[in-house]
Amino acid sequence: MLKKFVAIMLAVAALPAIAAEESISLPEPELQGGKPLMEAITARKTSREFSAKRIEPQDLSNILYAAWGISHDDKRTIPTARNLQKMNVYAVVDGGIWRYDGKQNILIRTGEAEDIIPALAKQDFVLEAPLTLIFTGEPDDHDYMAMHAGSAYQNVALYCASRGLNNVVRGLIDYEKADEVLGLEGEKVIITQTIGWPYM
Ligand SMILES: Cc1cc2nc3c(=O)[nH]c(=O)nc-3n(C[C@H](O)[C@H](O)[C@H](O)COP(=O)(O)O)c2cc1C
């Protein structure tokens with residue numbers, strides 16, 4: 001466990017480039033290429049092994065676009081109830097917690113990864129993985145927020161399958177603590193998704 005912790009701290013220390021800023025612009029998402037759709041659907045699967053290798057900004061941008069980017073008419077890559085677009089996506093990456101603003105294609109730093117990792121890391125592999133997404137939404141009578149998160153994590157899982165990244169959707173977290181660390185008002189954490197490269 002200590003070895004893992006040291007490995008993560010070293011990985012984080014090696015990546016100060018984006019961690020020091022309040023908000024960062026992401027590269028434009030790549031809108032072409034990847035595996036053909038039916039191959040990606042068939043390749044999608046859960047994996048729980050992650051190397052500490054960094055997710056580079058281009059992949060991060062592509063992942064977030066797949067989850068919650070703007071693709072058409074000011075609307076998202078996933079359908080949302082009445083197009084109200086009531087969801088937020090946070091990325092725990094490079095030592096920070098960042099909220100994705102898909103309209104501006106930027107990440108806004110909202111906190112420190114070390115504050116939320118204890119709430120997320122009920123499974124040890126989360127400590128090794130370079131990226132965890134957190135989907136948040138407003139509770140409602142129809143549970144639309146779960147549907148939105150499900151669409152988003154499936155898009156991300158398909159991107160991962162196409163790109164050779166591992167991913168696992170994760171509900172085994174401390175929801176109360178995660179809500180508190182994110183400082184959510186009127187929203188709740190719905191589900192998380194941990195992503196990273198396999199060991200080569
Ligand atoms: C809503 C949801 C929550 C999940 N929570 C966890 C989790 O907390 N930890 C975990 O290891 N896997 C979790 N999984 C992954 C499932 O165990 C996995 O999808 C299932 O075993 C089927 O495997 P497959 O994704 O490879 O088809 C979750 C999946 C979903 C859809």
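Modeller: The expected span of a helix is 1.5 Å times one less than its number of residues. The model is predicted.

Biologist: How far apart are the end C-alpha atoms of helix 7?
Modeller: Helix 7 covers residues 144-163, which is 20 residues. At 1.5 Å a residue, the span should be 28 Å. The model agrees with that: the end C-alpha atoms of helix 7 are 29 Å apart.

Biologist: What covers the buried residues of helix 7?
Modeller: Buried residues in helix 7 include M145, H148, A152, V156 and S162. Their cover includes both helices and strands. Among these are helix 3, helix 4 (57-68), strand 4 (88-93), strand 7 (131-137), strand 8 and strand 9 (188-196).

Biologist: Which residue with positive phi follows helix 7?
Modeller: Phi is near 85 degrees at this position. The residue is G164.

Biologist: Is P36 buried or exposed?
Modeller: P36 sits in the loop between strand 1 (23-25) and helix 3 (37-43). The C-alpha atoms of P36 and S162 are separated by 8.1 Å, though the two are 126 residues apart along the chain. P36 has 9 within 10 Å, so P36 is exposed.

Biologist: Which strand gives the most to the shell around the ligand?
Modeller: The residues around the ligand include K45, R48, Q123, V168, V169, R170 and I191. The shell divides into four nonpolar, three polar and three charged residues. Three residues of the shell come from the top contributor, strand 8 (residues 166-170).

Terms used. Residues numbered from 1 in each chain as written. Predicted model: local features only at pLDDT ≥ 70, side-chain atom pairs only at ≥ 80, totals over all residues. Near = placed C-beta within 6 Å. Helix = DSSP H or I, 4+ residues; strand = E, 2+ residues; numbered from the N terminus. Nonpolar A, V, L, I, M, F, W, Y, C, P; charged D, E, K, R; others polar. Buried ≥ 20, exposed ≤ 12 C-beta atoms within 10 Å, placed from the backbone. Contact = placed C-beta atoms within 7 Å.
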